[in-house]
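Me: I would like to go through the labels attached to this model and see what each one rests on. Please set the value beside the cut-off each time.

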Amino acid sequence: MALFPAFAEAANTKVENSSEELDWLNNKSFQTGDAISLHSRILEKTGEKPYQKASRDASSSQGEEREVGDGPPRKKKKKSEKKRKKKKKHKKRSERNSSSNGSDSDTVYPSDLIKQEEEEDRHQDTSLASRFSWLDDLQAPTGHPFCVDRKPDSANWTYKSLYRGDVARYRRKGSSTLGLDSQRQGVSWEESETKKRQKGGDSKKTADRYFSTASRQLLKSEPPLPVSPVAPDALQLSSYLPVGDVDEKNKRQESGERFPTLSVNPLGVYDSSTALWLQGKGQQDDQKRDLETEGNPVSVVGRTGEFNRRLREQPSDTQLWIQFIHYQDEVSSVAFEEEQGGESAEHRKSSYRAILDKKLSIAERAVAMNPSCIALQLERLRICQELWEPSALAKEWKKLVFLHPNSAPMWREYLLFTQSYFSSFTVTKVNSAYGKCLSTLSAVRDGSMLSHPAPPGLEEDMLDIFTQQCHFLRQSGHSEKAISLFQAMIDFTFFKPDSVKKLSTKQQVEFFEPFWDSGEARVGEVGARGWKAWMIQQEQGGWLQPGAEDEDEEEEEEEEEVKDRSLPRGTVWLDVESMREAAHWLPWRPDKAKGQSEEDCEDPDRQVLFDDIGSSLIVLSSSELQFQLLLKFLSFLGLPVDSVISSPPCQPGLLLENLSLLTQGNDLQRPLTSYELPDLGMNSVGHMTTLQGVRKWTGLGNQGEKFLTNVFGIIQPVLPPLRRGFLSLSWIRYEKLKVLRCLHSGNKKRLRSQGKSSKRVAKRLLKEPDNRSSLVLWREYAHLEWILGNLDEARKVFSTATAMGGTKGPSGPSLCELCLLWSQLEAEDGAKGQTGQHADATMSPAVRVLTRLAEGTSSQSISPVSILKARRSYEQALSSSLSALDQNIQNLQSDRKGSKEDLQEEKLMLRGLVGCYALFQYLTVGIQAALTVYSQARDKMEELHRKRAPDSVKPGGMEASFPAADSSLTDRRLASECEALAVQQVALLRFHTNISVFPLVTLRQTLTSALSAWPSSAPLWCIYLQLENHYHSAGRARRFFHAVTRDSSSVTPRLFAIVAEQQRKQLVDAAQRSCCFDEPLPVLPENGLSNRIRGLFESAIATEMGAHCPLLWRMYVHFLMSEGKADKARGIFYKGLQNIPWAKGLYMDAVQMFPEHLQEFIDLMTEKELRLRLPLEELDILLED
C-alpha cells in the first residue's frame, strides 16, 4: 500500500497484490517524475557551501551601497536608513533561526524548503528594486544591464496607467517606423494629452477654428497695406530679385556717399537697417513708422502708443480724441474675448466699469484740452450716462446747455436725454424742456442774448425741434396739444399783424396770448379769420357777434363704445382707447352758439392752455421755412407731401412706428406704379393702436375731414399761386391714398363711396382757376380714375392733359411725368393678357403715347419712321439735359427769388425724361437698351451729387443733418432724383422678369449697387426682399445686409434685415409643418433662425439710432411673443421703456400681450403722465352697464 506517493515503487516491490485491495490510497494525479526532480532540487540547495552563501550576501550588500551612492535618491534619507536597519535585523534573525534549526535536527521537510525558497526570491526582488536605475545613469558598464522587476504595483489597478515618472522620456525624430512598409503600413503618432493641455505648445499644432479668440482677433485686425514694387526698366530686367534697398545703395554710390563705418560693412552688402543694427543703433523714427504701416497689423499696445503720440503732437484734433475714446471699446472687446472662459459675471461687470472709467478720464482730458468743442462734451456725457446718478447727470446736462445756449446739436442731444431717460421722465418735464430750448434759441436768434451769436441755419434747426416736439406729444397720446401747437404756429406765422413784426419773439408771444385766450375761432375751425383780422377788429371796437347759423348738418350719433362685454378686460380697454384716440384728437372748444363753457368738457385734458404752448412759439422769417411749416403740418395730419421741400427730420428713427414702411411695394398688379406714394413709416394723428392693429377710418374721420377742409380754406388765400398748387397736389394725393387703402381692404362698398367723394374733391380742385392748366393735378386725377377701374375715362383725361401740354415735348418735366405714368399703366394693363412684348411695337398703346410725346403731336397712328425720330429726339433731349445739369444747379444757387427759383428747380427733375426714354427703349428695342439709358443718367447725376456733397450729405443718409445754406434744397432735390431713377430702373427690371425669361443676376446687381448708394430707400429694400425670398440659400443676402449695416448708421437696413430673416423663418416653419401630414407639430424643432433674429434685434438696439426707434422695440416684443417666450418678451418691454418711455404704442402692445398686468401698465402710464383716455374706474362702469 502506498500511503506516501513518493515511495510508491518501493511499496510495490514488497507487496504485489495489495494495490487492488488498497486502491483508495493511490493518488492518480501525482506524477512520480516531478516528485523526484523536486526532491533532487531540495537536496542541492541544502548541500550548498557556507562560503558561497556568504559571498552572495556580501555582493548584495555591495550592490546596496553602490545604489545608494551612485543612483539618484528616490526617497528621503531617514526612511532609507530605517529600511536598512530593518533588513539587517531580519537577516540576523533568519541566520540565527537557521543555525538553531540545523543544530536541533538534521531532518529537512519539503514545506520548509519551499518557504525558504520563496523568502529568498522575495529578498532577491527587493534587491533588484533597490538596484533599479536608468542605463544613462550608470558610470561604468555592467554585464547585466537589464533586470526583471516582478514587484507588483497596486496603483496600476486604481489609475489604469503607469506613473508618469516611471515612463522614460524620449524625443522622436521623424514619424517613420523601422520594419514597416512605408507604402502600405504606418503608425499614427499622437501627442499626449498633457502636451495638448500646455498653453503655447508646439507651433505645428492644428489651426484654430474660425470662432476661436485668435481667429476673431485676426479678422478684427487691420490688413497690411500693400506696397507696390517699383517697376524696373525694360533694359534692367533680371532673373533674380534684388536684396535690400538696392536703389538707395545705387544712389549713394552715384553720389559718392559711403556708409559711415566700413568695419561693420566692409563689402557694402548690408542695407541701412542692418548696418545700424551692427553698430548698436536703432532706426530713425520715420523709418520705424514706415515699417509699422507696411508690416503686419500693429498690436494693441502699439496702437495705443501711436494714439498717445499723435495726441501729444495734435491736442486740438477733436476727431482723433473721439477715435481714441471709441478705440477703448475695441481694446475691451479683445480683452473680454481672451478671458471669457473663466471669468464670472461680476468680474466682467467690474472690467466693463473699469473701461468706462478709462474712457471718462480720456474724455475729461480731451475736454480740458478743447473746452469749446461740443462733440467732446457730448461724448463725455454719453459715457457719464452709465456711471453717474440721474440727478448728477441732469445737473451736468443743464450746466452744458447753459454754457452753450446757441448750439442746436447740443439742445437736440439734451432733449433726447430728457425724453429717453426713464428714471426722470415725465411728459410735462420734457414738454417744458422743449419750450425752454425754443425760447432760448429764439432769444439767440433775436440777438437779445449778447454773449452768444446766432449760428447760421438756426431757424431751420428751430423748426426741426418744433416738429419733433409735436411728434413727441402725438406719440405720448397728447394729440390735442400737438394740434394746438400747429394751430398757434400757423396763426403766429401767416396771420401776424404788421405792427408786431419788428418786435422780439418774446414780445410777439405776449401780444399773441390775448388772441389765444379770447375764445375766437382758430385755424381749422369754422369761422376762423386769423390773428391779424382779430387785432384790426379789436382796434376798431371788437367783433360783431354773428348770429347762430342754422346748420342742417346732423350731429353724429355716438356709437356704443363697448360692443361685446364678454371680451377680456384688456381687450375692451384697447378697443375703447383706440376708438377715442381716433375720434378725439382735436382740442375741445366750447361752442358759444350752444351756450357751452369750459366746465362742460367731460375730459379736462382735451382743453389746451396757453401755458402749454406759449414758450414753443418761434419766428420764421424765410418764406421757404414758412411753407415748410405748413407742409409739416399736413404731413402730421397724414397727407403725402414732397419730402424734398418739407425737408426730412434730423432724427427719423424717433418717428418710425408703422409696419407699412416694411410692406410697401407688394402689389403685384402694379409693379411699375406701386411706388408713386412711398410710405414713410410714421403714424398720422388719430392712429394710435397696437402694432398690427387696423385703422378705424381710411382718413381722419368726419370731423377730421372738416378740419382739413377749413385749414385749406384759410391758408390758401395767403400763399402765392405756385405754393397753392403744392397744397392742391397734396390734397388730391391724399384722396388717392384713401382710395388705395379701401382697395387693399377689399371692402367694395366702402371703395365705391370713397371713390365718389375723392372724385368730387379732385374735380373741385381742378375747377379752380389756378389749377385748370396744372398737368400735375390732371395726372393725379387720371390716375385716380384708373385705380377705380374707369380705364376709358382715365384715358380721356390723359389725352386731354397731353393736349393741354402743347408742343413742349421731352423738355417739359410735368408733361414727361404725365406721359410716363400713362405709358406705365398701359404697359401693366397690356402685360395682364399676354406674356412678353408686342410683336409689333407700333401697335402698343404705351409706345404710341411715348412717340407722340417725343414728336409733340397728337396723331393716333404711328409708323416705324416716327419711332426712329422719337428715339433721336429722346437721345438729344437727354444729352442736353445731362450736360446742362451742373450749370442749372449753379444758376439755382445764385438766383433764389420767386418764380425763377421754381423754373430753375424744374430743370433738375429728370426722372420723367429718363423714365420715358428708358421705357420707350424697352418697348421698342429691349431691356438692355433701357438699362443703358438708366446707367448713363444715373452715373452722371450720382457723380455730380458725390462731388457736391462728399461729407455733409451721404447718399441715402437721411439721418445726416443737412447744411443750412441755400444749397441744401438743391442737394436734396438732386439726391431725390437719383434715388427715384434707381427705383424706376429696378421696378422695370422686376416687371421684365415677371413677364419673360431673364436672368435674375442683373436685377440683383442693380439692386445691390443702388442700395449701397441709398441704404435708406424703403422701396429698394422691399424689392430686394422679394427677390431674395426665391432662394433657399441666405448667405449672399446676409453678407450684403452685414456690409450695408456696417457702413450706415440708418435704422432702415437693420429693420429690413430682420424682416428678411422673419420671412425665411416663416418659410422654414411652413416646410416643417408640411412634412407631418397626419398630426400637426405643437412645437417646431429649432433651426437656428430664432437665435439669428434675436441677434439682429440686439445689434440693432445697440446702435444710437436703433435704441430710440419705437418700431424696432415693438417688433422685438412681438417676435418673442410669437416664439412663446413671454417672460423674455416682458423683459424686453421693460428694457424698451428705458429708451422710449414716451411711446404709448409700446404700452398698448404690452396690454395686448400681457392682459393680466393691465393695472401695472396703467399705473405706469399715469406715473409718466402719458395721455390716458379711459381710466380703469370708467372701464369698470362701462362693463357694469
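Reply: Glu1169 is a place to start; Glu1169 sits in the loop between helix 49 (1158-1167) and helix 50. The model is predicted.

Me: Why is Glu1169 called partly exposed?

Reply: The relative accessibility of Glu1169 is 30%.

Me: What makes the phi of Glu1169 worth a remark?

Reply: Its phi is about 65°, a positive value, and Glu1169 is not a glycine. Most residues other than glycine have a negative phi.

Me: Which value of phi does Ser647 have, and where is Ser647 found?

Reply: Ser647 has a phi near 65°, which is positive, and is a residue other than glycine. Ser647 belongs to the loop between helix 26 (643-646) and helix 27 (660-663).

Me: Is Ser647 buried or exposed, and how do you know?

Reply: Ser647 has a relative accessible area of 15%. Buried means under 20%, and therefore Ser647 is buried.

Me: Why is the pair of Glu379 and Arg382 called a salt bridge?

Reply: The closest N and O atoms of Glu379 and Arg382 are 3.2 Å apart. A side-chain nitrogen of Lys or Arg has to be within 4 Å of a carboxyl oxygen of Asp or Glu, so the pair qualifies. Both residues are in helix 16 (residues 374-384), three residues apart, which means about one helical turn separates them.

Me: What are the labels for the accessibility of Glu379 and Arg382?

Reply: Glu379, at 10% relative accessible area, is under the 20% limit and so is buried. Arg382, at 31%, lies between 20% and 50% and is therefore partly exposed.

Me: What makes Asp498 and Lys501 a salt bridge?

Reply: Their closest N and O atoms are 3.2 Å apart, and the cut-off is 4 Å, so the pair counts. Lys501 has a relative accessibility of 49%. Exposed needs over 50%, so Lys501 stays partly exposed.

Me: Why can Arg764 belong to a patch of positive charge on the surface?

Reply: The patch gathers Lys748, Lys749, Arg752, Lys756, Arg760 and Arg764. Members need over 30% relative accessible area; Arg764 has 39%, so Arg764 passes that test. Arg764 is placed in helix 30.

Me: Which residues gather in a patch of negative charge?

Reply: On the surface, Glu510, Glu513, Asp517, Glu598, Glu599, Asp600 and Asp611 gather in such a patch. Of these, Glu510 is in helix 22 (residues 505-517).

Me: Why is Trp1021 called buried, and what does Trp1021 touch?

Reply: Trp1021 has 0% relative accessibility, which is under 20%, so Trp1021 is buried. Trp1021 lies in helix 42 (residues 1018-1028). Beyond four places in sequence, its contacts include Leu1011, Pro1015, Phe1040, Phe1041 and Val1044.

Me: What is the label for Leu1183, and which residues is Leu1183 in contact with?

Reply: Leu1183 has a relative accessible area of 25%, between 20% and 50%, and so is partly exposed. Leu1183 lies in helix 50 (residues 1176-1184). Neighbours within four places aside, Leu1183 is in contact with Val562, Arg565, Arg569 and Val572. Leu1183 and Val562 are 621 residues apart in sequence, yet their C-alpha atoms are 7.6 Å apart.

Me: How many helices and strands does the protein have, and what share of residues is buried?

Reply: The protein has 50 helices and zero strands. Of its 1185 residues, 42% are buried.

Notes. Residues are numbered from 1 along each chain as its sequence is written. This is a predicted model: local features need pLDDT of at least 70, side-chain atom pairs count only at pLDDT 80 or more; totals for chains, interfaces and linings use all residues. Side-chain values use heavy atoms; hydrogens and water are left out. Patches are made of residues with over 30% relative accessible area and no salt bridge: like charges are joined within 9 Å, nonpolar side chains (Val, Leu, Ile, Met, Phe, Trp, Tyr) within 5 Å. Accessible areas come from the Shrake-Rupley method with a 1.4 Å probe; for residues, only the protein chains shown count as cover. Lys and Arg count as positive and Asp and Glu as negative; His and the chain ends are not counted. The place of a charge is taken as NZ of Lys, CZ of Arg, CG of Asp or CD of Glu. Helices (H or I, at least four residues) and strands (E, at least two) are DSSP runs, numbered from the N terminus. Buried means under 20% relative accessible area, exposed over 50%, partly exposed in between (1.4 Å probe, protein chains only). Contact means heavy atoms within 4.5 Å.
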